[in-house]
Amino acid sequence: MKIATFNINGIKARAEALAGWLGRAAPDVAVLQEIKSVDEAFPRDELQALGYRVETHGQKGFNGVAILSRLPLEDIRRGLPGDPSDDQARWIEARVLGEGRPVRVAGLYLPNGNPMPGPKFDYKLAWMARLRARAAELLATEEAVVMGGDYNVIPEPVDAKKPEAWVADALYSPEARQEFRRLLWLGFTDAVRQKMPGDGVYTFWDYQAGAWQRNNGIRIDHLLLSAQAADRLEEAGIDRDERAGDKPSDHVPVWVRLRG
DNA sequence: ATGCCATCCAATGGATGA
């Protein structure tokens with residue numbers, strides 16, 4: 001089962017690039033972030049024509065997440081638990097029924113948190129605490145769990161071309177990095193780091209200042225696997241060529257292939 | 001780097017992003 005995450009930075013602007021990538025990469029499941037669309041405006045029919053079931057959790061203008069799946073889905077849940085007053089669309093999850101054992105797939109768009117300090121940074125840390133609580137619940141189910149998405153966290157210096165440029169940024173803040181490590185301490189495996197050790201492994205390049213041409217990237221899109229999923233981890237990859245296409249997102253797809 | 005570019009909503013600019 002191939003499971004991918006892709007921050008598409010707007011479904012209206014990315015419909016063609018997304019369809020092209022789905023054709024080339026052929027993921028069984030793709031979680032999308034920053035669809036920047038309400039559910040009613042999401043191009044459901046076009047994606048269904050490509051063979052995908054479509055589940056969205058959108059909002060007007062910003063944020064918004066979705067799950068595309070060629071495999072049946074059940075127990076679909078929208079919104080990260082823990083704060084009924086939070087109306088930002090950043091979390092969706094479902095159980096994917098494959099040929100073998102099912103996989104619980106969650107798609108997340110973690111808050112950016114800038115500027116720091118400030119209310120947006122506080123929201124990021126509070127959201128990460130809620131994420132940790134939900135992650136612990138998912139582990140307790142003893143299902144294979146894959147939490148994929150734009151975490152907006154640069155975990156380690158090796159995950160940035162120029163880590164010194166990020167020291168005052170919420171993506172690289174000690175607090176956010178500690179919260180990310182806490183997810184690992186719960187027992188999750190960072191699939192890309194597991195399969196692609198070393199430097200130069202990035203998932204985002206800014207549109208500005210020739211960041212792509214200079215390979216001035218950062219690794220902020222992650223796939224975290226429970227032990228039951230990590231045991232089945234066959235391969236992980238980053239489709240960095242998508243950044244060089246026409247009208248690209250500033251993020252590229254990241255994926256894992258699980259046995260069974 | 002002080003948002004250099006990009007997207008969306010709405011309206012001839014503002015908010016947001018990382």
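In what order do the 6 strands of the open sheet stand? In this predicted model, the order is 5-6-7-8-12-9, and the pairing within the sheet is mixed. Strand 5 (73-78) and strand 9 (189-190) are at the edges with a single partner strand each, so one side of each has no neighbour in the sheet. Inside this order, strand 6 and strand 7 are antiparallel partners, and Arg95 has Arg104 in strand 7 as its bridge partner.

Strand 2 (residues 29-33) is mostly covered, with 5 of its 5 residues buried. Val29, Val31 and Gln33 point one way from strand 2, while Ala30 and Leu32 point the other way. Strand 2 pairs with strand 1 in the parallel sense and runs antiparallel to strand 4.

| Strand pair | Sense | Bridges |
|---|---|---|
| Strand 1 (residues 2-7) and strand 2 | parallel | 5 bridges |
| Strand 2 and strand 4 (residues 65-69) | antiparallel | 5 bridges |
| Strand 6 (residues 91-96) and strand 7 (residues 103-109) | antiparallel | 6 bridges |

The remaining point is the surface near DNA strand B. Around DNA strand B there are 24 residues, of which Gly10, Lys12, Gly61, Asn112 and Ala209 come nearest. By type, the residues of this surface divide into 8 nonpolar, 8 polar and 8 charged.

Terms used:
Residues are numbered from 1 along each chain as its sequence is written. Chains are lettered from A and ligands numbered from 1 in the order in which they are written. This is a predicted model: local features need pLDDT of at least 70, side-chain atom pairs count only at pLDDT 80 or more; totals for chains, interfaces and linings use all residues. A residue is buried if 20 or more other C-beta atoms lie within 10 Å of its own, exposed if 12 or fewer, and partly exposed in between; C-beta atoms are placed from the backbone. Helices (H or I, at least four residues) and strands (E, at least two) are DSSP runs, numbered from the N terminus. Two strands pair if DSSP finds at least two bridges between them. A residue is near a molecule or strand if its C-beta atom, placed from the backbone, lies within 6 Å of it. Ala, Val, Leu, Ile, Met, Phe, Trp, Tyr, Cys and Pro count as nonpolar, Asp, Glu, Lys and Arg as charged, and the others, Gly among them, as polar.
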